[in-house]
Structures are given as structure tokens and as C-alpha cells.
Amino acid sequence: MRVGCVKEIKNNEYRVGLTPDNVVSYVNAGHEVYIEKDAGIGSGFTTDEYVKAGAVILDSAKEVWDKSEMMVKVKEPLKEEYQYFHEGLILYTYLHLAADRPLTDALLASKVKGVAYETLIERNGSLPLLAPMSQIAGRLSIQEGAKYLEKPFGGSGVLLSGVPGTPKANVVILGGGNVGTNACKIAVGMGANVTITDISLNRLAYLDDIFGSRIQTLYSTDAAIANAVANADLVIGSVLIPGKAAPKIMKREYLKNMRPGSVIVDVAVDQGGCCETTKVTYHDDPTFVVDGVVHYCVGNMPGAVPRTSTIALTNATLKYGLEIAGKGLETACKENNVVYSAINTYNGFSTCKNVSLSFNMENTDVTTLF
């Protein structure tokens, strides 16, 4: 198969879909790999490294898109890239379609086979292609939140750990999944007072087992969230429903009871955000203030640490990518039915139930299409 990888064009996005080591794996499996010149520079991979790995280097993104039967990316295509879509193209990347109707419509109109990292569900219920970025975003959320609590960045001037004789910061984490657990790990490690909420009692029991008396677990209700965030210095939004827009559990009305200069980091922003006041921001202008509360809502948080993020992501995506490239998408699905769950669009049909529900459009069971 002809496999392509282009430079990401999203604002301050430095990750890349394939590393030179990945190229070696694809080439050794008999595939042709086309890389846009300087695609990996932001993650510390030079064009010369891709050449040595066996890739063909092309000067423009258009050339790579035109050559490719399968495009491996990191982020969802932007409007400027829709022109490169063509029927039959396998697009293997994060798509986050539930928060992006124009992209959904473009993929359907061009009959692209959209294979989304974030909806691939393994047999044990895990999300292996979302997990590495969730781990990074969760850990980074506390790092960024701590920074924006600093007074020069508009925060209240609270140190997460405090020092002897001063109060520690109160951190509230909404959602105890992969993002929330990793945020909790860093917040506890930095010495903050940590409260974590979830709607799963089993998950809360698990978190209580691993963190013990160092955290407070709360069953997630409107009242519990409102009370918890009223005393919070830092709130982490980490709610996820795979493929579906995030529920707005952080209401605007809660902000008026929060302390001036407190900070919200909405990690769920890729799926529309779990705060009513969320809007997408970028690394070069990451925050805005609503009712005295600083909001950090960067849509590609792991892009701030691209070397770590690229290696972690491609460690996870390579296995499935090689299956798809080696067998074709259809045969890969039939031989490993896990791959079906990643298909969001196929030949003009919307095939991810949660995406279809988000836009009130007809959903087609992908297993009936081939």
C-alpha cells in the first residue's frame, strides 16, 4: 500500500503521524511510504532520518495526499486539507467528529474511509489509541493548571503544594478515567488536596484503592460538583464518552461561586468540552477569563510536548496501521473485528453511532457495508 504522512498544520501542532522507526516497519512490510519534507522536524525527526528509513520525501502536502492510499496523521484535517480528500482514501488519525460537523460532512461527501484513533475499542473495553494521549494530557493538565494559577498569568497566586504553615491548593478532577487518573497522580505527587468525581462507583473504589487517604472521591452529581468546585483552586475537566460530544457537567452558574483567579483546564475540549463556557484555544493564546475564572482549553494539549507525544502515540498506532496497510481495511476488520470500532465514515456512510447521534444523522452498521 502507498502510505503517506504530512506535516500537521494546526496552530502550534508539532507531533507527526509516523516516526522514522515506523517508516522502517512499513517499508519492511513491503509498503511505499511518502513523507512531506520536514514533517517530523517539530518532534525532533529530521528529513534525513526519514530518507535513511526508506521513505520517499515529497516537497508538498498535496503531492503526499495525491500519492497516498492511506494517510497517517495525528490531528483531524483542517478545512484547507479537505480539498485533498478522494474516494477510497483511508484516513488514519484522530478525528473527533462529534465536535466537527464540517469535517464530518467533508469526509462523507468525498467517501473517505475515516478510521479514528479515539473510537477504537479493544476487546477488554480499553481505548488503546486514545490512552497514550490521555495519559499525557492528564499529566500535562496539572502542570499547565499550576502555571496559570501563578499571578503573572492571571491566576490567584496559589502554589499547589503550599509550604509549611500555608494551605495547599484544592484540585477537583471531573472524571476518573485515564485522563483523570493521570491528573490525579501528578496532583497528588505535587502535594495538592485532590478531589476526584465519577459516575462509576467501581471506578471510584479503584481510585480509592490506589490513592487511599491522599484523595477524596465523590460520586458525580450536579450538587456534588457545584459544592466541590466552589472551593477549588484548579478544576480539571476530563469527561469522555467515546465518539460522542462531552456532557456539559461544569455549568456556567458554578463559576460565580468560584474564587477569583481559580483555573479550569478542560481536557475534553476536543469533544466539545465538559464546561459550558469552554471554547477552543491554542498554545500561542491558551487562556481566557469568564466570571473571574481562568480557562485553559487548548485542543491539542499533548502537542506542547511533541517528542514524548509522538513516540507514545506511534507506539500504539503502529500495530493497527500495519494491519490495515497489509491487508486492506476491509480484510483487517474481518480478521480483527476490533478495527470495525475505529471506522467513523465509510464510502459516504456515517458508521459511528455516537457521531451519528451527535448530528441526528442516519447511522449505518459498518459490518453490513463489506
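Student: Why does Leu201 count as exposed?

Tutor: The model is predicted, so local features need pLDDT of at least 70 and side-chain atom pairs count only at pLDDT 80 or more, while totals for chains, interfaces and linings use all residues. Residues are numbered from 1 along each chain as its sequence is written, and side-chain values use heavy atoms, without hydrogens and water. Leu201 has 58% relative accessibility and therefore counts as exposed; the label requires over 50%, buried means under 20%, and partly exposed lies in between (1.4 Å probe, protein chains only). Leu201 is placed in helix H7, residues 201-211 (helices, H or I, are DSSP runs of at least four residues, strands, E, of at least two, numbered from the N terminus).

Student: How do you know that the structure holds zero disulfides?

Tutor: A disulfide is a pair of cysteine sulfur atoms within 2.5 Å. For Cys333 the closest cysteine sulfur, in Cys352, is 13 Å away, so the two are too far apart for a bond. The structure accordingly holds zero disulfides.

Student: What makes Cys333 and Cys352 buried or exposed?

Tutor: Cys333 has 0% relative accessibility and is therefore buried. Cys352, at 9%, also counts as buried.

Student: Which helix gives the most to the lining of the largest pocket?

Tutor: Helix H5 does, with four residues. The lining has 44 residues, and Val179, Ser238, Val239, Leu240 and Ile241 lie nearest the centre of the pocket; lining residues have an atom within 4 Å of a point, on a 1 Å grid over the protein atoms alone, and a pocket is an open set of points where a 1.4 Å probe fits, with protein on both sides within 12 Å along at least five of seven lines.
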